[in-house]
Structure formats: C-alpha cells, structure tokens
Amino acid sequence: MDRPNDDHKDKGRLRLTDLNPFRSFVESGQFDEYLRVFLRKRADASERTAAAVVVWTMFMRQVLVSFCRESQAIRHTNEEMLTTRIRFSFQHLAHKAVVCATTASLLSTFAGYPLDSLKSRLQASRTPITVPRLAANILREEGVAGFYRGLWIPLVTISAVRAVSFTIYNGTKETLHGTHGWSRESLLSVGASGAVGGALAGCLISVGSVPFELVKVRRQLEYSIAAAKGIHIVKPPGTWTAIKDIVRGSNGDKMGGSGNSPKGILALWTGMRLHWLRDTSGTALYFFEYDAMRYLLGRQPNGEQGPTPYWAPIHSSIIPFVCGSLAGVSSWAIIYPLDVVKTKTQQRALSGLKYRGPIETLRRLLRGPEEDPRTIFAGFARLYRGLGVSALRSVTTHGLLWTILDAVSVWIDRRPIRNSTDYAP
C-alpha cells in the first residue's frame, strides 16, 4: 500500500533521471556562457574577480558534467541488470523444462523398458501366449539382456524427444493463457490448452522419432521374425548393423522374406503416417487428461498444488503419480489399436513381406485369415493383445515421469538464486 508521507517526501527529492536534459546543455558550452554572464552581473570588474569567475565556471561545469555522466552510467547499469535478470528468467524457464523432462525420462524409460519389450513381442506374436510364459522364454533364450535389447536408442532419443516435447507443451500453454487470454480457472480452458500443446508437440516430434522407434522395433522383434522364417539366430546383430540393414533393405533377405523391404535412407521412415497419427492424437489426449485431472484435484492457477477436494482423499505428494498413471493408461488404451497396426505394418516391412495398408492390416487382425475367420470377440481380443502389460508399463513410466519431474522442478525452484552480479549477459 502506498504511503502519503513517502509521496510527500519524494516531491522535493532530485531523481537521477531528472538530470538527463542537463547533460547536453552543459557539454554544449551554453552553460559556460550563461554562468559567466550571471556572475559578472554580481561582481566587480577587477582582474581578480574575473579570474575567480573563470575558475568558478570551470569548476561548476566539471562538477555537473561528472555528476550527469555518473547518473547516466548508473541508469544504464540498472537497465542492463534488469535486462539480464529478465533474460535469465526466460532462460531459467526453458532450461528448467529440459532438465526436469530429461531426468524424469531417463529414469522412467529405464524402469519401464522391459514391459515395453514384452508389449512389442505380444503384439507381433502369431500365436496367443501369456505374459509370464513369454517372459520365461525370453529369460531362458536371451537372458536378462533380452528384456533390455535395443535400450540405448530409446533411452537417449525418448529423453531428448520428451525434453523438446515438454518445452513445446509448456511454451504453447503459456502463450495461450498469457498472450491469448485463455482462462486458468476453467476446466475446459486448462484441458484444451494442454491438448493443443500436446498435439503440437506430438506432431512436430513424430517426424524425427520415427527412425528411432523403427530401429527399436527391429531390435525387439529380431528373434520372433527369424523364428517365423525358420531361422535360428546365434548372436543378434547390434544397433548399428540393424540400421545399415534397414537402409540397405536387406532385412527381408536375411530373414527369409521376398525382398520387398524398403531401401534407402527413407526406409527409416517406414510407417511414418501411422506413427504421426498415433503421436499427435495420443499426446493431445494424454496432456488433456493430465491437466484436467490436476485441475480437478486442486492445482491452482499459479501451478502450485492446493488442497485436494473432499471426494479425493489423496496425499498431495502422490497426485502427480496418480494423474500421470491414469492419463497414460486411458489415453494408451484408446490409441492402442493404432499402435498395433503400426507395429504389424513395420514388422511386415522389416521382414520383406508384401505391403498391406492400414485398413487391410486392421481387418485381418479382427477377422483373421480367410480360411479360418475369427469371431468379433476373438478379433478384439487379438487387437488388444498385450494391453495388460502395456497398461502396467504406462502406470510405471508415466507415474514415475510426472513424480520425478515435479520433484526436480521443486528442487530447482528452491535453490538459492545467485546475485545479479553473477549473471552473464
């Protein structure tokens, strides 16, 4: 609250910015002439007085010039400090999103990767098999390393993708709420801003993430593709060998296919349209659900967690895990058939088999072969094969992702801020 006494005291106080107009007046020489005339009118015409006038004029001029320059330097210094502080604030927000997303993604991806490997193998399996039996087969034939086959590429790429994705998502939300005036106190506005940010992030990121996921699928399905062709793999090729095989189009030849594998550098973007559709729609739905649930569970407009409602007696420390898990499971269940079609399309391309479009692939998954068609129930059961382990993976990865992300964010916010003299422009 403003105090009248302070305003009254400031009326007679000289401010540094008030001296700026005097600088040109003093340095131009007009002040010298004005001061000589002013003093001569009040002094005798003796030589001693004239000399004193000159000395006094030079002294006052130097004092005023120095004072004006010092005030100008102080003002410039304050402006530079303010500009640097604002620049540091924006850099802090951008770097904070990258650090939080990268740290959370590394840990959550490593924890959930064995389940992701099981999910891909269940989707590509031609015969029904239970999760425990599949896990036992992998452990017996490939060892523990089989669960982490192809880990390094997704561990690095998913972390980078999520860092960029969260930066785009946060930037889009701030733009919508800050520049375009979307309300932060409306459930629809909060959820819609998350959906727009998620869709934009998924759309842009999917273009660069297709090759990495294709290589991951290739590494995960090496044994199943070879077994389907009657080939026994003694030692699976490494990641770099798998990339070269995809570019050369030699997957089908090595796996006993018909030689229909795509070739060239564009072969790394096999399944691009399905991947783009899955990431754009899935990410939009995922962030919409997460932001909406956080709003319903008491997150305030400034981003801080408030008290939870009476109908959800949940401790505030586990709210990120609960919201992240529910958003991950529900959004993944909706787009799961699209992911199955994408995996089957990429598997056939990597095996060198004849190309099938997405609609034909979906129809065959639901109906089965012409000579032995499935029932509707059996078709949907085949389409959602592996959903249980995929849901467990989503609970693990997305729950840990948001929990770690919030924890790192709070840790960064609580760190002491350096003095302004430490900021480098």
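## Pocket, cavity and helix packing in a predicted model

The lining of the largest pocket divides into 15 nonpolar, 12 polar and 11 charged residues. The structure described here is a predicted model.

The largest pocket holds about 1500 Å³ of space. It is lined by 38 residues, and those closest to its centre are Lys96, Arg299, Asn302, Gly303 and Ser409. Two or more lining residues come from each of helix 4, helix 6, helix 11 and helix 15. Helix 6 gives the largest share of this lining, with 8 residues.

The fold around these spaces is helical: the chain has 15 helices and 0 strands. Of its 425 residues, 41% are buried. Among contacts with a separation of 6 or more, 73% join residues 24 or more positions apart.

Across the whole structure, a search finds 3 cavities of 30 Å³ or more. The largest cavity contains about 880 Å³ of space. Its lining consists of 36 residues, with Ile158, Arg162, Arg278, Asp279 and His398 nearest the centre. The elements giving two or more residues to this lining are helix 4 (47-124), helix 6 (152-179), helix 7 (187-220), helix 11 (272-296), helix 12 (319-351) and helix 15 (387-413). By class, the cavity lining has 13 nonpolar, 15 polar and 8 charged residues.

The table sets out the volume and lining of each space.

| Space | Volume | Lining residues | Lining by class |
|---|---|---|---|
| Largest pocket | about 1500 Å³ | 38 residues | 15 nonpolar, 12 polar, 11 charged |
| Largest cavity | about 880 Å³ | 36 residues | 13 nonpolar, 15 polar, 8 charged |

Helix 7 and helix 12, which both contribute to the lining of the largest cavity, also pack against each other. On the helix 7 side, the contact is formed by Glu213, Leu214, Val217 and Arg218, which meet Asp339, Lys342, Gln346 and Leu350 in helix 12. This contact comprises 3 nonpolar, 1 polar and 4 charged residues.

Definitions and conventions
Residues numbered from 1 in each chain as written. Predicted model: local features only at pLDDT ≥ 70, side-chain atom pairs only at ≥ 80, totals over all residues. Heavy atoms only, no water. 1 Å grid on protein atoms, 1.4 Å probe; cavity = no way out; pocket = protein on both sides within 12 Å on 5 of 7 lines; lining within 4 Å. Points joined across faces, edges and corners; volume = space filled by probe spheres on them. Helix = DSSP H or I, 4+ residues; strand = E, 2+ residues; numbered from the N terminus. Nonpolar A, V, L, I, M, F, W, Y, C, P; charged D, E, K, R; others polar. Contact = heavy atoms within 4.5 Å. Buried < 20%, exposed > 50% of the residue type's maximum accessible area, 1.4 Å probe, protein only.
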